Amino acid sequence: MDSKTPFLHVVTTCLPENMSGALQQLCSSPTNELLLENLIRFISGAEHSSHSSSENGWADKQGIVRARLAELSTNGNNKRQREDADNQGSNKRLKADVNTSNDAEDEPSLFTLHAISATSPVRKKVDITIHQTVIKLYHPTSHAVEATVPLSSLRRGFVVPTRGKTKPHWTVILISTDVPEKEKGKAAASSQNNRQIIFGIDAVATSPFSATDSNGTTLSIKKGDETLPTIRLFLSHLGFPIYEPSVNVFKSALPGNAPDGVPGVEAYRGAKAGNLWFMSEGILWGESKPCEFFAAENLINKDEGLRMMSATGRTMTLIVVRKSKESELAEGEEDMGEESQFSLIDGKEQDGINRWIKNHRHLFGGSKSGGVAGPTTISQMIMDSDDEEDGDFAMKSDDDDSGGSGASDEDGDGDGDDKQDADGDSDEEEAAGSDDEEVEQDEDGEEDLKAENHPLLRPGAMPRMSRAAVDMVVGMVTDDLTRPGEAEEDELLDD
C-alpha cells in the first residue's frame, strides 16, 4: 500500500485511530485500495494514479468539485453568509452553476476565444467557449471550469469601444436582464437575474492569439490584425440581439481613442464612474457593474423619458425615467416611473444629447406616432416650436405675397378721380364688409386655440405657483402702484 498508493498511506497514518481502522478495513481488496487512492488524488487536485489524462473529464470535474468544496468550507467558516437562505443558495452559484455544467458536459463546443481578459463573472484571463446551451469560462492551462452561464439566461449583447485606453479596444457585454435586481454584495453578483459576461480585446491585436470553431479548426489572428471580425463571428453563435453603437447615431463632443469618434459620454452614477452609450434602440450604462440597458420603448413617455439639468453649464445631469414594473403598481395607480440620475457629464455633450433625444423621442414609451403623452416640459416646447415657427413663417410669406399682388391690382384698376368718386359708396360698403369678416376671423381664431396647436395650453406647460407666492407678488405690485412718489422723493433727497 505504501508504493502503489502513497496518497492513501499518508491519509491512513494521519487519521484518528477509529477512522484509520475503519479505512483499513475498506482497503481489504486491491480494487478498493486503488479506488480510494484515486479518490484522494481527485479531491487533492493530483493526477490519476495511472498518470494518464485519458480519464473522461478528470480535470474538468476535478475543478468543479474543488470549487464546490471551497464554497462549502467558506460557508462553514463564515456564519454571516447564512443569515438568509436565499443568499446562501446564491453564494453557492458564485463561480459556476454546477448542475448546468454537468448537463452540458458532453455538449460540443461551437466557438472558443482563447486567452481573453474577462472582468465578469470572473476577473482573470480565460478561454471562453460557447456550447449549445451554456457559455463556459475555462482556465487557459488547467482547463478547469471557472464559470458557467446558461445561454437561456442571457438576453442582449453589446460591443462598445473601451474608454480610458491609450489604444483602441473593444469591450463585449452580455446581460441577462435590462434591469438588474436591487441586491447587495455577493448576492447581487451571483443572482440568476444579474448574470453578466464582460470581457475585452484589443481592436488591433498586439500579440498573436487564436480561436477555435465547431470543427476544431484553429483560427489564427496575427499581430496587427483587426479583431472585430473574430468578435462578431463569436457572437453570431449566441442567438440573441447584438448591438453596436455608431457615431452615425451619436458622437461625443470630446476626443477619444477611436479615430472616428466615440458614440458615448462619460458619467457618474452615484460614486461609480462609467459610460452612457447612445444607440437607436436605447441607452446602455456600461463598464460599471452591473451594466444596465434603458430600451427606448421602456422609457416612461416621450416628454419625461429623458431630462437634462445643468447648474453651472460646465457639467450636466441626465435623468432617465423608466416605466415601473406592473407588479410594483397597485390597481389604478398612476405610473410615475423609476428615475435614474447620471451626473458630472461634460457640458459640451448637451447639444449631442439634445439631438439624440429629438431624433428618437418618438420611440419613448413604445409610441411610434406623434401626440402628447403627459405634461409638456420646457425642452419639449422649444423643440416643438422650432418646426411650428418654420411653418408659420412660410404661411406669413404666402400671405404677404398675395397682399402685394392685391394692392397692385387695385392700382391698376383705377381709371381716375371721377371713377373713384363714383365708386365711393361701393368702397365704403366693401370696407364695412371686410370689417365684419375680420371680426368673424378673430372669433374663429379664438375657437382654433387648441392644446395640440399651442404648447402653452397643454397640461403642465405653465408652472404652478403656491398661494403664498401669488400673494407675495400681488403685494409687491400693489406697493409699487400705491406709493408712486417715493422714488421721486428719494431722487430729490439725493440731489
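A salt bridge here is a side-chain nitrogen of Lys or Arg within 4 Å of a carboxyl oxygen of Asp or Glu. With that cut-off, a search of the whole structure turns up eleven salt bridges.

Before you start clicking: this is a predicted model, where local features need pLDDT of at least 70, side-chain atom pairs count only at pLDDT 80 or more, and totals for chains, interfaces and linings use all residues. Residues are numbered from 1 along each chain as its sequence is written, and side-chain values use heavy atoms, with hydrogens and water left out.

**Stop 1: salt bridges**

Select Lys124 and Glu146, which form a salt bridge with the closest N and O atoms 3.3 Å apart. This pair links distant parts of the chain, 22 residues apart: Lys124 belongs to strand β2 (residues 124–130) and Glu146 to strand β4 (residues 145–150). Helices (H or I, at least four residues) and strands (E, at least two) are DSSP runs, numbered from the N terminus. Is Glu146 buried or exposed? Glu146 is buried, because its relative accessible area is 9%, while Lys124 is partly exposed at 35%. The scale: buried is under 20% relative accessible area, exposed is over 50%, and partly exposed lies in between (1.4 Å probe, protein chains only).

Next, pick Glu244 and Arg232, whose side chains meet in a salt bridge at 2.9 Å, N to O. This pair also links distant parts of the chain, twelve residues apart, with Glu244 in the loop between β10 (242–243) and β11 (264–269) and Arg232 in helix α8 (residues 228–235). Glu244 is partly exposed at 34% relative accessibility, and Arg232 is partly exposed at 44%.

Now try Glu304 and Arg307, a salt bridge with 3.4 Å between the closest N and O atoms. Arg307 has 26% relative accessibility, so it counts as partly exposed. Then show Arg155, Arg156 and Asp178: salt bridges that share partners join them into one network.

**Stop 2: nonpolar cores**

A nonpolar core is a set of buried Ala, Val, Leu, Ile, Met, Phe, Trp, Tyr and Cys residues joined through side-chain atoms within 4.5 Å. Which residues touch the most other members of the largest core? Of its 30 residues, those are Ile135, Leu174 and Phe199. Elements giving two or more residues to this core include β1 (111–120), β3 (134–138), β7 (196–202) and α8.

Zoom in on Ile135. Not counting residues up to four places away in sequence, its contacts (heavy atoms within 4.5 Å) include Ile128, Val149, Leu174, Ile197 and Leu238. A second, separate core of 20 residues includes Phe250, Val265, Met316 and Phe364.

**Stop 3: Arg163**

Arg163 sits in the loop between β5 (156–161) and β6 (169–175). Why does Arg163 count as buried? Because its relative accessibility is 16%. Its side chain reaches the backbone oxygen of Gly264 at 2.9 Å. Leaving aside neighbours within four places in sequence, Arg163 is in contact with residues including Ser252, Pro255, Val265, Glu266 and Trp277.

**Stop 4**

Jump to Phe42 in helix α3 (residues 30–44). Phe42 is buried, with a relative accessible area of 16%.

Key
Polar contact = N/O pair within 3.5 Å; in protein donor to acceptor, adjacent residues only side chain to side chain.
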